[in-house]
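Here is a friendly briefing to read alongside the structure. Please keep the viewer open as you go through the topics below.

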Amino acid sequence: MDILHLIKRDPIAKSRWFKGTFGIEREGLRITEDGNIAQTSHPTSLGNRSQHPFIQTDFAESQLEFITPTCHSVKATLEWLSAITAVGYRNLDDDESIWPLSMPYSYKGLSDLRVSQLEDEREVDYRKYLIKRYGKTRQLISGIHFNVGLDNELLKRLYSLTQMTDSKYSSFKSFQNDCYFKIAQHYQMYQWFYVYLFAATPITHKDFFELAHAQLPKLPVRSLRSSKYGYVNDSSIHFDYQSLAEFAKQLTSYVKEGHLVAEKELYEPIRFRGADSITDVVTDGIKYIEFRQIDVDPYDPLGISSSQLYFTHLFLLFLLTDTLSYDVTKISTYKKKLEKVALSTPSTPLDPNLMGEARTILSQMREMLEIVADGTATTTLHIMKEVLEVCEERIEDVSLTPAYAVMDDFSDLEKIAKDSFIQKNKIKETYYELPGFQDLELSTQAIMMDAIRLGLTIEVIDRSDQILRLGYKNHIEYVKDGNMTSLDNYITPLLMANKVVTKKLLAENAIHVPIGQLYDNEDIARQSFPSWCHNSIVIKPKSTNFGLGISILEGLEEDSKQSFEIALTHAFNYDDQVIIELFQPGTEFRFFVLNNHVLAVLKRVPAHIIGDGKNAINSLISTKNSSLLRGNEHEKPLVKITIDDSVLAEIKKQGYPSLNAVPPKDKVVYLRRNSNISTGGDSVDMTDFIPDFYKEIAVKAAQTLNAKICGVDMIIDIPKETEQLNQVRVPGNLPYAIIEANFNPMMSMHIFPAIGKSRDVAHAILIALFPEYR
């Protein structure tokens, strides 16, 4: 079967060549600060591991396993691995991290090591059996499994092309099985090649060899994990890869005769997936293969680099197209090649014969790329070519291989452990974002973070529109923009989007709102100036978010008409209808209401700086903008302060002629009047400092609008002498007014406040959606 010949002149096959399904399982041991294996239990914050789709335990209680969902590109797989890894790290105890290598270097406390304490006693017993059969240390070897499914439309196309000639295939299923089995067959031939390029297990602690061996290897070697000392079955378990049917027969026989306790005990580098048993796989068809040969890459925080993952996919496709015949009589020769490469020192170059063979393989892979080039996306093709160049350099220069680098860099146990904690802290530093999904709004990222942690299934249905499908067992929910859910009905957001209707309904229910008037004509609005003169007012679009188009005019007098008209024009730029209302003095608070309960209260402080008596206003703004919490628009919990005419006007009101002025020490200089986070304001959690009196009003407002999830903006007239930037307990029964209700309230400012306690509103929403999760 010459696959390359089939696709050479078929544009459809070329266009689907790199498509498929992909998934990763990455194992890693939890360690303590001294580099020893952690003896603590699996983190309780990570939900029920027995049902968790993303984070489980493998052999040992301390051996985490990160599992991506099935993805349709290598890029998406890496995004999910990034997200799951970050959630995993952030839920470890402060004094624990994840060992960055496949082979542990310390086995201290091995006698106290517990197998995974799973709910299923059969799984616990199976792990105890593995200890007796292989020993604890061998089971503690960690690695990465890459699940790859060939594109089904590609396989169908190739099958139809074979049918145009005298095909030996009686059905599509037999063709599909043959394609996958050919990959496994030819990997036996070239296993040594992959190990040379990517092995990273040259050394380990002497205690690893707890089981007696006739002859122990002299360390360092290129790959302990891929050698006879590594994660392999006893030498009595042997497959010749003659055919899928014969493979299934052999495996079934090994289990039946007790050589293997179950099919999952098989440690071959490639497993065939698609059903629970190999017999059913043969009957139903192979759906994907599990490639198990990958050592953890200590130089990449995910355990595998994007270049290695792309190469692995390319290499597996090469195995499918390889025209060299697999020779079942040479299986022992293939194994000897692997053992020779795996147990040679990392500084040993390939011998001339293997060097020539490696160059030929890379040349054929490049030829395959050229054949499919005109049907392949430019970006993918570029990545693949770059990856091949890296591998060509490693073939020619052994010092560029990972095993060589690990041999030199990772001989110091304390340094490895220290570096793993540095990596963990770096991931925790940006705790407000979900790696791989930073393009999503922070509220959506927060929901995804918590859903991953809890173990809900997640599918990003529409990334640009931020629509998620979440699942728990058989229960499915859809979430848009973080908190638009089935909890609210369709009319609720429409009521809150209309500020006139919102005020009318609240006023009817004895909830105080500012007195105002709606205008749908700018000229008529301008003529209303005498009605508003001698008052402080707010001019805002009828429908607005993020404080856009809003102006506050205090102490409006006859000579302020120009400012009044400018503010009107500004508001009409955002909407055809504009509201003018009396300004409510006081401090603005955001109440987050869920299911008739206030989960969080936040004070939004207008953009400001605090003088130090040394630096000018512009310098203090730059310093504040350099915070890790501040970014452009809403990529981070807080927004950078931008300098514009309104900022200049505001500081002049406070007696500072320009941005070069130096405020006195501890002097607060406000840069804007409005307190929106989106214009550079600060978020201060006040949940524990607001009396129930105001919380009850916020709940009543949400009930009035028939809202289950609602953000209520309330102004409370706190006396100036008691007002502070930080938390201060608010007296009860002060004058208040609700100025707005929001149907899609921002969650990130409650979860990641600038000052005060984090309130996990994302978790609360998920529990409200899935009450059975409790």
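Where is the place of Asp450? Asp450 sits in helix 16, which covers residues 442–454. Before going further, please bear in mind that this is a predicted model.

**Around Asp450**

- Asp450 counts as buried because its relative accessibility is 7%, below the 20% limit for that class.
- Setting aside neighbours within four places in sequence, the contacts of Asp450 are Asp760, Ala762, His763 and Leu766.

**Salt bridges**

- Side chains of opposite charge can pair when their charged atoms come close.
- The count of salt bridges comes to 43.
- One of them pairs Glu96 with Arg30, with 2.8 Å between the closest N and O atoms. This pair links distant parts of the chain, since Glu96 belongs to strand 4 (residues 96–98) and Arg30 to strand 1 (residues 20–32), 66 residues apart. Glu96 and Arg30 are both buried.
- Another salt bridge brings together the side chains of Lys540 and Glu581, at 3.1 Å from N to O. Here strand 12 (residues 537–541) supplies Lys540 and strand 14 (residues 578–582) supplies Glu581, and the two residues are 41 apart in the chain. Lys540 is buried, and Glu581 is buried too.
- Lys624 and Asp682 also meet through their side chains in a salt bridge, at 3.1 Å from N to O. This pair joins a helix to a strand: Lys624 lies in helix 22 (residues 617–625) and Asp682 in strand 21 (residues 682–685), 58 residues apart. Both Lys624 and Asp682 are buried.

**Cavities**

- How many cavities of 30 Å³ or more does the structure hold? There are 6 of them.
- The second largest cavity has a volume of about 60 Å³. Its lining is made by Met496, Lys499, Thr502, Lys503, Leu506, Ile738, Ile739, Glu740 and Ala741. Helix 18 (499–508) and strand 23 (736–742) are the elements that each give two or more residues to this lining.

**Backbone features to look at**

- Leu219 and Pro220 are joined by a cis peptide bond, with omega at about 5°. Pro220 lies in the loop between helix 7 (172–198) and helix 8 (244–256).
- Asn595 is not a glycine, yet its phi is positive, at about 50°. You will find Asn595 in the loop that runs between strand 15 (587–594) and strand 16 (597–605). Its relative accessibility is 28%, so Asn595 counts as partly exposed.
- Asn706, also not a glycine, has a positive phi of about 60°. The loop that holds Asn706 lies between helix 24 (692–704) and strand 22 (709–716). Asn706 counts as partly exposed because its relative accessibility is 40%.

**A nonpolar surface patch**

- Which residues make a nonpolar surface patch of about 270 Å²? Ile461, Ile476 and Tyr478 make it.
- Ile461 is part of strand 8 (residues 457–462). With a relative accessibility of 39%, Ile461 counts as partly exposed.

Technical notes. Residues numbered from 1 in each chain as written. Predicted model: local features only at pLDDT ≥ 70, side-chain atom pairs only at ≥ 80, totals over all residues. Heavy atoms only, no water. Patch = residues over 30% accessible without salt bridge, like charges linked within 9 Å, V, L, I, M, F, W, Y side chains within 5 Å. Areas by Shrake-Rupley, 256 points an atom, 1.4 Å probe, with all protein chains shown as cover. Salt bridge = Lys/Arg side-chain N within 4 Å of Asp/Glu carboxyl O. Helix = DSSP H or I, 4+ residues; strand = E, 2+ residues; numbered from the N terminus. Buried < 20%, exposed > 50% of the residue type's maximum accessible area, 1.4 Å probe, protein only. Contact = heavy atoms within 4.5 Å. 1 Å grid on protein atoms, 1.4 Å probe; cavity = no way out; pocket = protein on both sides within 12 Å on 5 of 7 lines; lining within 4 Å. Points joined across faces, edges and corners; volume = space filled by probe spheres on them.
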